[in-house]
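Work through the following exercises with the coordinates open, and check each step of the solutions against the model.

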Amino acid sequence: MSLSRLISIYVLISLIFPSFVYPQKLARDEVDVLRAVAKGLQQNKWNFSVDPCDVTSTVGGWRNPNAGKGFEDGVTCNCSSSVCHVTSIVLKTQNLQGSLPREFAGLPFLEEIDLSRNYLSGSIPPEWGALPLVNVSLLGNRISGPIPKEIGNITTLNNLILELNQISGKIPQELGNLPNIERIFLSSNYLSGGIPSTFSKLTTLTDFRISDNQFIGTIPDFIQNWTYLENLAIQASGFVGPIPNTISSLKKLRNLRISELGGPGSPFPPLQNMTSIKTLILRNCNLTGELPAYLGLLITLKLLDLSFNKLSGPIPVEYSALSDADNIYFTSNMLNGEVPIWMVDVGDMIDLNYNNFPNNLRTAECQKNAVNMFSSTNPLVAYTYSNVSCLSSYICPKTFYGLHINCGGTELTINGTKYDADTSDGAVFYDSRNGWVSSNTGNFVDDDRSFKGVTLWANTSELKIADPSLYTHARLSALSLIYYAFCLGEGNYTVDLHFAEIMFNGDQTFSSLGRRFFDIYVQGKLAVKDFNIVDEANGAGRAVVKSFPVMIRNGKLEIRLFWASKGTQVVPVRGVYGSLISAISVNQNFLPQKEARTGSGNGGGSSIGTVVGAVVVSTVFLVLLIGGILWWRGCLRPKSQMEKDFKNLDFQISSFSLRQIKVATDNFDPANKIGEGGFGPVHKGTLTDGTVMAVKQLSSKSKQGNREFLNEIAMIFALQHPHLVKLYGCCVEGDQLLLVYEYLENNSLAQALFGPQETQIRLDWPTRQKICVGIARGLAYLHEESRLKIVHRDIKATNILLDKELNPKISDFGLAKLDEEENTHISTRIAGTYGYMAPEYAMRGHLTDKADVYSFGVVALEIVHGRSNTIRRTIVDTFNLLDWVHVLREQDKLMEVVDPRLGTDYNREEAMTMIQIGVLCTSKVPSERPPMSTVVSMLEGDSTLDVGKLLEASLNRVNEKDEESMRAMKKHYALTDQNSSTDGTFTSSSTSSAKANASDLYPLKLDAA
């Protein structure tokens, strides 16, 4: 064959099958996009010298064919044409620490983005809305900000998985335009508002999960349109009841989980059409009436949880058909009648705790086969603890004057104190045979842990605790855990509950992103709501002890931990949630009476004189010993007035000794000094259990005194909110007055924004938005949601502290003032910081919550601008941010306020809203400043108000009032001039002089009240 003919054949083949001649490669522009994506994600494994689409290559880091489930790692291409295009990027559990790249929008053929279980931050780029995406999964990251409305433009989208992040704001109505959406997972975020009405059009939905959020309102009736729905999860969502009757249309449901619905009582919803249902959880939904008989016909049920409702009447006979169910929970209702025999004989994991069943032979045992009947004859009533009838025949081995349990661990002796073992993992009821029992209710749904269903857990990571013996194991509970002691001597005790988070990591990986919340009840009373071990202990792997004083009168003590469906359930794997406790210590606060001893009756023994002498000597020795101990501990020295006042305070608070604090702070070593507050110096300290704390010490030169000190203790300890600084306790000894706070790693907002260069933190826009919203939420709580109406009086950037995740917390309540009256307070002492103080307060002492709103407005503008409100360059040259903002507003150049360090990487709409809110909040007229709850809604985009129009209307009203005030002043001084013409020379008073001086700081308005 000639050479020319060979060449012709080669050319022909190359035209028909180009990939036969030249290997197909990824389009050059997409390679450049992948470089930018890698930089944004901080993905360092991709080797760009290797073609990303070469599936035959075993190097380059573009795919891992041997990755296990949940660790999938690969880039997929479509090479059907002459060039390849990226269609899928899956990077699961790679612990990537970057942010979400907007550059993904440069991959026009991209159908899948799966970045599940990483450590990514930032917000979801709206540019993604232009892609032909089918699957988006960002589960288990640190994504913040709102869901972009542009996501509603992705008509090809099937799955939107945003579970376990820090996403806030309302669900965009535009998501209701997704014609092919099947799964929406939004659980464990900070979403608010309600389900948009446009969601009524999502008729293709099969799986909808929105648990653990901050929604308001009710579950909408239009869910009846979701007729293809198989899974619905609305647990601890914020919604109130009732469950709509239209839910009966969802005939294909296999899993229905609704819990923690507030509102009035409501009847059981109609569910008889759900003939394929396997999991039915309607827990704590305020359901009333009797159990519906039709549930017995739903023989596909494997989990039935109707606990913590108000259901009454007997268990229907039809329920015998549910004998094959794996778990049935009727815990804490008002059920009565006989316990069915089938439950006792063939039932599998049934819990009847806290009901009203009759006290007979069938309920005489706390656990009968697989049925837990602990306190089944007594309903759970708030503020009382149980009288457990199944323990009525129990004979105490002796009277105990303490209780020590190593929860989840073996018997242990620490410093001479023996801790009982607590290692039973099979039975839900456990009898220690040592004066206490436990009852554990619940099962871990969707459990993917290596040991499924276990309620014991052993630590596998490093503990940051000096003596970790008590914290290497823990007892878990998926719903309700009770420890019940009933052989204690009468008297006052301190209950110490020991906690350490050993299932989450403390590093910068997805395993550190879990959030665990549960409630603590002591003697039937709610002691702590939404307890978070990591927050309280200042990190995972650290110990924290919660102390509660109790009075034992009948020998009984009940400790109950309750999981109210809040927190994450999928980190580090599915099934990690519920309550966790490491140990229990109950110590007496009295000397027990000596127990009477019965003689043997065999005669013998010492003479009366010897016995009396021995008693006298022993008594004298005991008195001297006790006196010495009390003197050494400072109990016999004269108490200062401060200590007496502290003892008389009407609240319980943890007290630290001066000795403890000196050890923790290395005797207040100057090297540990981290600041100077209104009280005096603030030192960093570390307790022996590893807890890091901040100690605020009252100095002799402090402008704040004893009254403020006790006021701050009462304020902070009474208030619990994610955006308020936590008070661990205090120390009052002699003239030493100290507060012990949680330590916040990132210091203050002022240091982060405009402090010295070495203290500044690069705060991107989503973080600034989060900080601003957090401050607003904290103030809304103080003003409107807490039991007491509280005005802080000194809101400023230095009083906003930042934790390790840069979440804001309001601190320094030394200047806080109770505002229990309806009328404006006239404060006898002006307290605050110039530049942040409202005019009416700075000049006339008029104090309402509007003063805090003004200060917040200043801080909001500082967050946007990145500089302090007042910067003094020279004695005469002072920069005032607020004045400059008003100048820019008049010139229609408000966007120039934005910090130039942000460049163009910020949300213009959010920035403009924050600036307008700052201007609105700093109105000279207090009545024009919005309440903080409205501010929160506007910042999160939940409000129907147009902030811009609201601001313009407000400014117009202020101008009208200015004109009215000017006319009133002219009229007043015209009359004054007439009067003074007859009286002679006018002499100004000291009051008017003072007002003139004050007006140099703020413009004087007669109507500012």
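**Exercise 1.** How many disulfides does the structure hold?

*Solution.* The model is a predicted one, in which local features need pLDDT of at least 70 and side-chain atom pairs count only at pLDDT 80 or more, while totals for chains, interfaces and linings use all residues. Residues are numbered from 1 along each chain as its sequence is written, and side-chain values use heavy atoms, with hydrogens and water left out. Taking a disulfide as a pair of cysteine sulfur atoms within 2.5 Å, the structure holds 4. With bonded cysteines counted along the chain, the pattern is 1-2, 3-4, 5-6, 7-8.

**Exercise 2.** Determine the handedness of the disulfide of Cys53 and Cys77, and then that of Cys79 and Cys84.

*Solution.* The sulfur atoms of Cys53 and Cys77 are 2.0 Å apart, and the torsion about their S-S bond is about -75 degrees, so this disulfide is left-handed. For Cys79 and Cys84, whose sulfur atoms are 2.0 Å apart, the torsion is about 115 degrees, so the disulfide is right-handed. As for accessibility (buried means under 20% relative accessible area, exposed over 50%, partly exposed in between, with a 1.4 Å probe and protein chains only), Cys79 is partly exposed at 27%, whereas Cys84 is buried at 0%.

**Exercise 3.** Which residues of helix H16 are buried?

*Solution.* Helices are DSSP runs of H or I with at least four residues, numbered from the N terminus. In H16 (residues 932–939), the buried residues are Met932, Val935, Val936, Met938 and Leu939. Viewed down the axis of H16, they fall within an arc of 165 degrees (taken from the directions from the helix axis to the C-beta atoms), so they line one face of the helix.

Terms used:
Helices (H or I, at least four residues) and strands (E, at least two) are DSSP runs, numbered from the N terminus.
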